[in-house]
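The sequence and structure are shown first.

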Amino acid sequence: MAEGGGAGPILVAEGLAKAFGGPRVVDGVSFALQRGAITGLIGPNGAGKTTLFNLVAASLRPDAGALHLDGAPIHGLRPDQVFGLGLGRTFQIPRPFPAMTVLENVMLAPQHQQGERFWANWIRPGAVAAEEKRNRARAMHWLDFVGLARLAQEPARVLSGGQRKLLELARVLVAEPRLILLDEPGAGVAPPLLEIIMQKIVALNQAGTSFLIVEHNMDLIAALCRPVMVMAQGRLLMQGTPDEVRGDTRVIEAYLGIEAA
Amino acid sequence: MELIPALSYLAFFLVFAGIFAVMALGLNLQWGFTGLFNVGVAGFVAVGAYASALLTGPPEPDRLGGFGLPVLVGWIGAMVASGIAAFIVGVAALRLREDYLAITTFGIAVVIQLVALNAQAITGGPFGIQSIPKPFADALGAGLAWNLTYLGLVVLVLGVAWWALDRLVASPWGRVLRAIREDELAAASLGKRAAAFRLQSFVLGCMLMGLGGALYAHFVGYIAPEDFLPVLTFQVWAMLIVGGSGRNAGAVLGAVLVWAIWSVSGGLIRGLLPAAEQARGAALQVVLIGVLIAAILVLRPRGVLGERATVSRHAAGD
Ligand SMILES: Nc1ncnc2c1ncn2[C@@H]1O[C@H](COP(=O)(O)OP(=O)(O)OP(=O)(O)O)[C@@H](O)[C@H]1O
Ligand SMILES: [Mg+2]
């Protein structure tokens, strides 16, 4: 507890490594995310960004390395435990629950729901109903925010690719994590809406939420992210402001696929 | 047709349908709402039947029990015993891949049946357990009045089970089950511990199967190992598939439909086939139900009643 909520970095990764039977896809990655920052993570296709996300969110087990969230070790925990500690994530390829309504996709996400204890539905139905009412209002708020409110009662399978991204965003936001990992939040989202979402990320950030964002859209990165980390072939190349990163020859070489000397 | 025997048969038929419905509700929680492939239904039914028989029966000199406890205690004990058995099986098997649950539960059911057959000091071995008390039989005798009374009890139990399950599945708890079934990784990334919810669902479902076993034992008055063969598992599965998994009404409707088909076809086989062919005729029943399942799966893949998109009753459209 002494270290929690302090001024130190919100997330520290040391020597994370992962291979899928072949060469290491994430190869000894260490970084610290500043509390209250929106950190960007960029890099060419196949650099290992999504794999790094999966390691941090415990969807994958690292071959080596350590992770601390607010000073507490989280390596070796299950994904549900990591989420319970306040680390939320979205998927690059969205994973809605297709046969469930859009509304209930979002209502699922809040933590510590009494109604998720089966006996509470028998012995405390009133409390569960009241909690569901609050959750429903919260969910509708976030669905409204991402522009999906009118589809609330449709099964999620009817959503388009971009709408699925928005649903995932609403789903993670409703749980109010302290650190949110977004894997290409802008991909497939139409520009006007993306503009609104970027504003909202800034607002959430000012209210205290930290972000790590993977994105290929450099405008989004330049507008939101300080600092930006660059990843290529499983390693972190450099870290800096968007302008520093854009001007760096190593980064340009990595994007063009030229072997760095 | 005379009225009293016809009524009596109808009550008899409905009692069995109701007991099967309780079991099918348990299986529906596991398969329809959680996606757990339990093919050991008969084993958990047996545990409940024997537990209640031992708890409530009169003392026997050469066998464990009976303890002469009230029937209600026996029914609760049946649920506890099946629940404990399910907990042990579930903790061991649910962490394995999905298909292993099928193999494990099938194996467990066979083992339970073999134990019932051989552990003479507890189960009475091949002769089973006789003189299981029939509630209110002292006052009502063995005729129509008792059949109707027991039917009332079964309907009451079924109603309570149905109500309790409807509360459960149309709730945030049921929503988590659905999410885990649709995409376990996504559910985990939203903080839901799949293993814990699966285990809860498995245990609760098996408790209902055990309760069904107890209802059966006290209706018939005696149980033997051959009451709990794999064909029982097949029947309950057929009921769920025909009625429509994922809806409690489907499980109950399926129980009545399949039990009706089973009873009528059994009666026809007994009436039409010569004695020497009866055993083969019984196999025809299984084939008949199998054809019915195949037809339902082709015509209505989600059963007679299907599944809804809204889970929690608090999240329905206005
Ligand atoms: N489960 C897996 N099994 C085998 N290889 C994998 C697996 N997941 C990722 N990889 C490989 O790891 C490398 C990095 O993949 P990753 O998805 O992390 O890249 P990325 O930086 O997110 O790329 P993009 O920008 O295209 O999303 C790729 O070469 C990919 O083929
Ligand atoms: Mg990626």
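The sections below describe a metal site, aromatic pairs and charges placed over rings in this predicted model.

## Magnesium site

The magnesium ion (ligand 2) is coordinated by OG1 of A:Thr50 and OE1 of A:Gln92, at 2.0 to 2.1 Å. These two residues lie 42 residues apart and link distant parts of the chain: A:Thr50 belongs to helix α1 (residues 49-56) of chain A, and A:Gln92 to the loop between β6 (87-89) and α3 (102-107) of chain A.

A:Thr50 has a relative accessibility of 26% and therefore counts as partly exposed. A:Gln92, at 32%, is likewise partly exposed.

## Aromatic pairs

Over all chains, the count comes to 21 aromatic pairs. In one of them, the ring centres of A:Trp142 and A:Phe145 are 5.4 Å apart and the planes stand at 85 degrees, so the pair is edge-to-face. Both residues lie in helix α5 (residues 125-145) of chain A, three residues apart, and are thus separated by about one helical turn. A:Trp142 and A:Phe145 are buried.

In chain B, B:Phe16 and B:Trp259 form a stacked pair, with 5.5 Å from centre to centre and 25 degrees between the planes. This pair connects helix α1 (residues 3-32) with helix α12 (residues 248-272) of chain B, across 243 residues. B:Phe16 is buried at 10% relative accessibility, and B:Trp259 is buried at 14%. Both belong to one aromatic cluster, whose members also include B:Tyr9, B:Trp75 and B:Phe228.

## Charges over rings

The charged end of A:Arg95 sits over the ring of A:Phe91, 5.3 Å from its centre. A:Lys200 lies over the face of A:Phe145, at 5.3 Å from the ring centre.

Methods: Residues numbered from 1 in each chain as written. Chains lettered and ligands numbered in written order. Predicted model: local features only at pLDDT ≥ 70, side-chain atom pairs only at ≥ 80, totals over all residues. Heavy atoms only, no water. Donors = N, O, S within 2.8 Å, 3.2 Å for Na, K, Ca; no water. Helix = DSSP H or I, 4+ residues; strand = E, 2+ residues; numbered from the N terminus. Buried < 20%, exposed > 50% of the residue type's maximum accessible area, 1.4 Å probe, protein only. Phe/Tyr/Trp six-rings, centres within 6.5 Å; stacked < 30°, edge-to-face > 60°. Lys NZ or Arg CZ within 6 Å of the ring centre and 35° of its normal.
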